[in-house]
Each structure stands twice: as structure tokens, then as C-alpha cells.
Amino acid sequence: MRNDKQLLVITHLSQLISLVTGFGSLLLPLILWLANKGRVNQMDIHGKSIVNFQLSLIIWFIICVPLILFFGLGLLGFAALGLLSIILPIVNALRASRGENPTYPLTFNIIS
């Protein structure tokens, strides 16, 4: 296995593709993770945390839909999740560049 911090950083930042295309924030990191998890050191850990984070975001967005009826709390949830989906990939890309493990709060451990 090789150490490739640049690929780990790119994998984290690939979540931001949805800002340009409108979709792909789960698909692109999933492809990068599956293609490189046996070749790049730490890719399995980073890939699992990214996919878990993206799946958790989908679940949280679904939870926010009925909360719109309760005084617009769902709209606040949408705004908070939108900010987190931009900020956390950048923060964890910086962590990956320093060789640290990623941390995504409010994430369900779906893929372990």
C-alpha cells in the first residue's frame, strides 16, 4: 500500500462536486473509495467516513422535511445541514493532508 495524502484530500473535496453539478456528492467519493481502498493507506477509513457522512446527510434532510410544519424548524435544519456539507469536507481535507483521521459529527455508522 502506498501513502497518498493528495488522493485522500481529493476524496474529501470531491463531496463538493454537488455545488457545481447539483449531484454526485455521494457518488464520486464512493467511486474513489472503492477503486483505491486496497491500494492507498488510510483510504478505507476516510472513504467509510465520507460515505457514512453523505448517507447521514440524506437521512437528516429527510428528517427535516416534516419539521418544516413545526414553525419552520426544517428550514433551519436545511440551512445548517447545507453549511455542514460545505464546511466539514474542507476541514477533513485539511486533516487528511496532515495525516489525521477524519471526524464528521452527527454521522450514523452505516458502513463499518
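Author: Of the 112 residues in the protein, 36% are buried, where buried means under 20% relative accessible area, exposed over 50% and partly exposed in between (1.4 Å probe, protein chains only). This is a predicted model in which local features need pLDDT of at least 70 and side-chain atom pairs count only at pLDDT 80 or more, while totals for chains, interfaces and linings use all residues. Residues are numbered from 1 along each chain as its sequence is written, and side-chain values use heavy atoms, with hydrogens and water left out.

Reader: How many helices and strands does the protein have?

Author: Helices (H or I, at least four residues) and strands (E, at least two) are DSSP runs, numbered from the N terminus. The protein has five helices and zero strands, so the order of elements from the N terminus reads α-α-α-α-α.

Reader: What radius of gyration does the protein have, and what would a compact globule have?

Author: The radius is taken over C-alpha atoms, and the globule rule is 2.2 Å times the number of residues to the power 0.38. For 112 residues the rule gives a value near 13 Å; the protein has 15 Å, which agrees. The C-alpha trace spans about 50 × 25 × 25 Å along its principal axes.

Reader: Which share of the contacts joins residues at least 24 apart?

Author: Contact means heavy atoms within 4.5 Å. Taking contacts between residues at least 6 apart in sequence, 65% join residues at least 24 apart.

Reader: How do I read the packing of two helices?

Author: Two packed helices are described by the angle between their axes and the distance between the axes. Axes are lines fitted to C-alpha atoms, for helices over the stretch in contact, and angles run from 0 to 180 degrees between N-to-C directions. Here helix H4 (residues 43–67) and helix H5 (residues 73–97) have axes that come within 8 Å and cross at roughly 170 degrees.

Reader: Are H4 and H5 roughly parallel or roughly antiparallel?

Author: Angles under 35 degrees count as roughly parallel, over 145 as roughly antiparallel, 65 to 115 as roughly perpendicular and the rest as oblique. H4 and H5 are therefore roughly antiparallel. On the H4 side the contact includes His-46, Phe-53, Trp-60 and Phe-61; on the H5 side the residues include Gly-74, Gly-77, Phe-78 and Gly-82. By class, this contact has 14 nonpolar, five polar and no charged residues. In that scheme Ala, Val, Leu, Ile, Met, Phe, Trp, Tyr, Cys and Pro count as nonpolar, Asp, Glu, Lys and Arg as charged, and the others, Gly among them, as polar.

Reader: Which residues of helix H1 are buried, and what do they pack against?

Author: In helix H1 (residues 5–13) the buried residues are Leu-7, Leu-8, Val-9, Thr-11 and His-12. They pack against H3, H4 and H5.

Reader: What is Asn-92 in contact with?

Author: Asn-92 lies in helix H5 and is buried, at a relative accessible area of 0%. Apart from neighbours within four places in sequence, Asn-92 is in contact with His-12, Pro-102, Thr-103 and Tyr-104.

Reader: How many salt bridges are there?

Author: A salt bridge is a side-chain nitrogen of Lys or Arg within 4 Å of a carboxyl oxygen of Asp or Glu. By this rule the count is three. One joins Asp-4 to Arg-2, with the closest N and O atoms 3.1 Å apart; Asp-4 is buried at 18% relative accessible area, and Arg-2 is partly exposed at 40%.

Reader: Where do Lys-48 and Asp-44 lie?

Author: Both are in helix H4, four residues apart, about one turn of the helix. Lys-48 is partly exposed at 23% relative accessible area, and Asp-44 is partly exposed at 27%. Glu-100 and Arg-98 also form a salt bridge, at 3.3 Å, N to O. Of that pair, Glu-100 is partly exposed at 36% and Arg-98 is exposed at 52%.

Reader: How do I read a positive phi?

Author: Most residues other than glycine have a negative phi. Gln-42, not a glycine, has a positive phi of about 75 degrees. Gln-42 sits in the loop between helix H3 (27–36) and H4 and is partly exposed at 32% relative accessibility.

Reader: What is the phi of Leu-106, and is Leu-106 buried or exposed?

Author: Phi of Leu-106 is near 60 degrees, a positive value in a residue other than glycine. Leu-106 belongs to the segment after H5 and counts as exposed at 55% relative accessibility.
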